[in-house]
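Colleague: I am new to reading structures. Could you walk me through one, feature by feature?

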Amino acid sequence: RKEYDDASMVRAVKHSQASERFIGKFSSLYTAYKEYCDTLNSIVECHDLLSEPEMEEMARTDIVSMDGMLQSSYNDIESEIIESLLPSGDDIFLEIRMAAGGVESSLFANDLLKIYENVAANRGFQWSVLEVDHRGDTGIARVLVSVSGPDVLGVYLFEAGVHRFQRIPFNDTRIHTSTAVVIVTSKPSDIEINIDEEDLEISYMCASGPGGQFVNRTNSKCRIFHKPTGISVTSQTSRLQQDNRKECMLKLKAILLKEEKEKNPTTTE
C-alpha cells in the first residue's frame, strides 16, 4: 500500500483542479462550435426551401434570424479561443516600482497598486502585500504583492511593462509625465525553501493603526528579520502572536521564492 504525505496530496489536488479548469475551457469552446455548426446547417436547409414558393417567405425570415445567431456563435468561438490561449497560473508575484517623474511617479505607482487590488477583490483573488517602500504619505517607491486565484496569471500578465501617466498639476501649466514599472512573475510551486531558525531574528511589539484596543495594547505585531538576506517582514493582521508569526513566515518564504526564481529563470513550475 502506497503512503502519501500531505505535500503529495496538496500537489495532487492542485493538479486535479488545474485539469478540471483545462477541460472546462475546451468544453465551452466545443459547445460554441457545435452551436455554430447547428445554426449553419439550419441556414443551409432554409436555403434549400427557397425554391418552394409556399415556403420561400418563411425560409427568408428564418435565414435573417439565424444570420444573427450565426454571428453570435462565431463571436463566442473567437472569445473562447482567445481565452484558452491565455497563460494559466494560480499564483503570481506582482511588483510595482516608481520610475521617472519623482514624487508624481510614486503617486502613480500607488494608484496602480489600488487598481490591481480592486481587480483582485472583484475576482475573489487572495491579495497579500509582502514588501512595501513608502514615499511620503501617499506614494510608494516599490511594492511586492503575492496574488493567488484561478488563472490569476492570465489576468495580470499583460499589465507587465512600463506604464505612463500625464497630467497638468493645479499649480502649473505644463504637462507632467510620470512612469512606473510593473513586473509580473509566476510563483514557482515546486521549490521548497528551507529556512534555518538560527538565521531568523523574531521580535514582537504593539500593533499600530486601527484595530481595537486589544490589538494595539498587546505585543501582537510580529517582525522577522532574515539575517543572510537582510529581508525584514512584519504582520499585525491578527490579535494572536502565533498567527502573525505564521503570516510573516509565509511572506518571507514568498520573497525568497521570488529571489530563487530570478536567480534560476529556467526553473519550471
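Colleague: Which residues have the most contacts inside the largest nonpolar core?

Modeller: Keep in mind that this is a predicted model. Now the general idea. In soluble globular proteins, nonpolar side chains tend to be buried together. Here the largest nonpolar core holds 21 residues. Leu 94, Ile 96, Tyr 116, Trp 127, Val 147 and Tyr 156 have the most contacts inside it.

Colleague: Which elements give two or more residues to this core?

Modeller: They are β1, α3, β3, α4 and β5. Helix α3 gives the most, with six residues.

Colleague: Which residues of α3 are buried, and what covers them?

Modeller: The buried ones include Phe 108, Leu 112, Leu 113 and Tyr 116. Glu 104 is on that list too. The cover includes strands β1, β2, β3, β4 and β5, and helix α4.

Colleague: Is Glu 104 buried or exposed by its number?

Modeller: Buried means under 20% relative accessible area. Glu 104 has 16%, so it counts as buried. Glu 104 also forms a salt bridge with Arg 167, with the closest N and O atoms 2.6 Å apart. Arg 167 lies in strand β4 and Glu 104 in helix α3, so the pair ties together parts that are 63 residues apart in sequence. Arg 167 counts as partly exposed, at 30% relative accessibility.

Colleague: How many salt bridges are there?

Modeller: The count comes to seven. Take Lys 34 and Asp 38, whose side chains meet at 3.3 Å, N to O. Both lie in helix α1, four residues apart, about one turn of the helix. Lys 34 is partly exposed at 42% relative accessibility. Asp 38 is partly exposed at 38%.

Colleague: Which residues are linked in a network of salt bridges?

Modeller: Glu 95, Arg 97 and Arg 142 are linked that way. Elsewhere, Arg 135 and Asp 133 meet in a salt bridge at 3.1 Å, N to O.

Technical notes
Residues numbered from 1 in each chain as written. Predicted model: local features only at pLDDT ≥ 70, side-chain atom pairs only at ≥ 80, totals over all residues. Heavy atoms only, no water. Buried < 20%, exposed > 50% of the residue type's maximum accessible area, 1.4 Å probe, protein only. Contact = heavy atoms within 4.5 Å. Core = buried A, V, L, I, M, F, W, Y, C linked by side-chain atoms within 4.5 Å. Salt bridge = Lys/Arg side-chain N within 4 Å of Asp/Glu carboxyl O.
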